[in-house]
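Here is my note for anyone opening this one for the first time. Have a look at the picture, then read the points beside it.

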Amino acid sequence: MLGPLINSGAIIFGGLAGARLARFIPERLQKGLPATFALASAAIGISMIVKVHFLPVMVMALILGTAIGEFCYLEHGVSRAAKALQQRCKRWLPLPHGLTSDEFAGQFTAIIVLFGASGLGVVGAMTEGLNGDYQLLLVKSMMDFITAIIFAISLGPSVAAIALVQFLVQVVLFAGASVVMPYMDAVAYADFSAVGGIIMLAVGLRIAQIMKFAVVNFLPALLLVLPFSYLWRHFWGG
């Protein structure tokens, strides 16, 4: 389980490094970097969406998954947890200058999804769980290190705390790899990536403050898309 440890360490070090660099970064650059990253996130999301194999599977998974997320108040719960974390640890994780508690919680929640729901991270954790190969997570670690630096410049060292969330997600995926990976063929992965792409697009729009999607409520769709893709193929063909 080396990959999740390396990936979490990259976020911790990136978050701390970004917080330390913030004082040397001009304010105009601090404001410009997240917007640029939002655009990149949206572009990556679009590139993933166009690879979808079964469009009805993607739509059904997204609608039902979002309904489950809304019903369970997932976004609200994560947002409350983010605020509680900042309040309890404000001595070490002070509220970033110019942000209210609600604004901090909103941005923090969005980047939790950005780090934790990445298709590369999901497949990487399951691949290592199945055959011990952590190369995909090593690639993600390098990307996450830079991403954590960018967001920590504006959100402070609290970005490092996301490492715990990501580590827990990847440990669960690592442990369940033998159950899930036999169904993760090229078709299922295309549908899974498409749902992940929609989430990435929503995260990008949210970070850019264009539309405030409740991105955490989309996450159950990732759990539904694989069985939906499998059933669609076996009952309706394709």
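The points below go from the overall fold to single residues and pairs.

1. Ground rules. This is a predicted model, in which local features need pLDDT of at least 70 and side-chain atom pairs count only at pLDDT 80 or more, while totals for chains, interfaces and linings use all residues. Residues are numbered from 1 along each chain as its sequence is written, and side-chain values use heavy atoms, with hydrogens and water left out.

2. The fold. The protein has 11 helices and zero strands, where helices (H or I, at least four residues) and strands (E, at least two) are DSSP runs numbered from the N terminus. Its radius of gyration is 18 Å, close to the 18 Å that the globule rule gives for 238 residues, so the protein is as compact as a globular protein of that length. That radius is taken over C-alpha atoms, and the rule is 2.2 Å times the number of residues to the power 0.38. The C-alpha atoms fill a box of roughly 55 × 35 × 30 Å along the principal axes.

3. Of the 238 residues, 47% are buried; buried means under 20% relative accessible area, exposed over 50%, and partly exposed in between (1.4 Å probe, protein chains only). The accessible surface comes to about 12100 Å², and 71% of that surface belongs to carbon and sulfur atoms. These areas come from the Shrake-Rupley method with a 1.4 Å probe, and for residues only the protein chains shown count as cover. As for contacts (heavy atoms within 4.5 Å), residues 24 or more positions apart account for 83% of those with a separation of 6 or more.

4. Asn7. This residue sits in helix 1 (residues 2–21) and is buried, with a relative accessible area of 0%. Leaving aside residues up to four places away in sequence, Asn7 touches Leu137, Lys140, Ser141, Asp144, Gln166 and Gln170.

5. A salt bridge here is a side-chain nitrogen of Lys or Arg within 4 Å of a carboxyl oxygen of Asp or Glu. Lys140 and Asp144 are four residues apart in helix 7 (residues 135–155), which means about one helical turn between them. Both are buried.

6. Salt bridges across the chain. How many salt bridges does a search of the whole structure find? The count is three. Another of them joins Glu75 and Arg206, at 2.6 Å from N to O. That pair links distant parts of the chain, with Glu75 in helix 4 (residues 74–88) and Arg206 in helix 10 (residues 186–207), 131 residues apart. Glu75 and Arg206 are both buried. Then there is Arg233 with Asp185, at 2.5 Å from N to O. Arg233 lies in helix 11 (residues 220–236) and Asp185 in the loop between helix 9 (177–180) and helix 10, so this pair ties together parts that are 48 residues apart in sequence. Asp185 is partly exposed, at 32% relative accessible area.

7. Aromatic pairs. The whole structure gives two of these; rings of Phe, Tyr and Trp (its six-membered ring) pair if their centres lie within 6.5 Å, with planes under 30 degrees apart counted as stacked, over 60 as edge-to-face and the rest as tilted. Phe54 and Trp232 form a tilted pair, 6.5 Å centre to centre with 45° between the planes. Phe54 is in the loop between helix 2 (27–49) and helix 3 (55–71), while Trp232 is in helix 11, 178 residues apart. Phe54 is buried, at 7% relative accessible area. Phe213 and Phe218 are tilted too, at 6.1 Å and 55°. Phe213 is partly exposed at 25% relative accessible area, whereas Phe218 counts as buried at 11%.

8. Ile199. Phe218 turns up again among the contacts of Ile199, which also touches Val113, Leu219 and Leu222, not counting residues up to four places away in sequence. Ile199 lies in helix 10 and counts as buried at 2% relative accessibility.
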